[in-house]
Amino acid sequence: TTKEQAGSAEWENFEGPALELSVNFVGLGIGTSFTMHTIEGGSTTVGSATSEAQEQTTGFVLKDSNFGDKYVTSVYRDPLFGSYVFNIDGGRSKCPYFPGTYQREQPKLVLLEENSQNVLPGASAIFRIAVMNVANEEGSYLLHAKHRSGNVAVLVNNNELDTDLAYEGMDPESQVDELIELRRTGDNYEASVTLAFRSRMCDDDDVGNELTLSATFLAACSTVGWAGSLRDEQWFIVNTETED
């Protein structure tokens with residue numbers, strides 16, 4: 001099905017609980033004229049164009065609830081069905097992130113170094129990770145242990161990670177280095193944990209990043225004990241007199 005472009009618009013939510021964009025199209029086809037203005041959240045005229053076609057007037061309202069979201073939209077007229085088709089050409093968005101726009105929230109976890117293999121009895125596996133906001137604007141995120149394999153405690157800077165750890169207002173393109181400790185708490189000698197770093201605004205892990213940390217622990221050496229009279233008396237004499 002071919003489409004005839006009826007116009008394009010660029011609109012952004014600057015303020016207010018939600019932005020509504022009213023779009024009125026007059027006429028049909030490429031020569032269609034259109035005007036746009038915000039109903040709430042601002043009063044700036046977004047764009048306008050005119051032509052001599054005056055056959056039909058059509059109105060639309062586009063809404064977005066997130067401050068700072070911005071969309072560049074092309075509007076087409078389907079010549080077969082007569083309906084309007086909207087296409088997002090670009091912009092910026094979050095929660096939900098719309099593919100084809102700039103992702104305003106970009107949490108990321110990076111493993112920097114680790115001491116996690118053949119960990120001695122009684123010791124912990126140690127990891128140093130970077131908790132990052134790679135977006136070009138401030139963001140707030142949550143870190144939590146999404147999945148654990150084996151009986152292991154997860155600590156961040158010596159504090160157990162048993163609930164979400166919040167990172168409020170991270171600066172654009174910034175990172176925080178954290179020390180992660182996996183402490184063996186059962187009979188298992190292999191353990192892993194998957195850390196999830198996600199948007200605080202969204203309720204799921206759709207906007208987030210995961211990092212799996214694995215460790216192996218050594219078993220303690222077998223206990224050696226005395227037998228016979230040595231076990232009972234707990235002492236013995238070393239004869240230093242030799243023929244040498």
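Tyr167 counts as buried, because its relative accessibility is 9%; buried means under 20% relative accessible area, exposed over 50% and partly exposed in between, using a 1.4 Å probe and protein chains only. Keep in mind that this is a predicted model, where local features need pLDDT of at least 70 and side-chain atom pairs count only at pLDDT 80 or more, while totals for chains, interfaces and linings use all residues. Residues are numbered from 1 along each chain as its sequence is written, and side-chain values use heavy atoms, with hydrogens and water left out.

How many aromatic pairs does a search of the whole structure find? It finds two. Rings of Phe, Tyr and Trp (its six-membered ring) pair if their centres lie within 6.5 Å; planes under 30 degrees apart count as stacked, over 60 as edge-to-face and the rest as tilted.

| Pair | Type | Centre to centre | Between the planes |
|---|---|---|---|
| Tyr141 and Phe197 | tilted | 5.3 Å | 50° |
| Tyr167 and Phe197 | edge-to-face | 5.6 Å | 85° |

Tyr167 sits in strand S14 (residues 165-170) and Phe197 in strand S16, so their pair ties together parts 30 residues apart in sequence. Strands (E, at least two residues) and helices (H or I, at least four) are DSSP runs, numbered from the N terminus. Ring pairs link Tyr141, Tyr167 and Phe197 into a cluster. Tyr141 counts as buried at 0% relative accessibility, and Phe197 counts as buried at 0% too.
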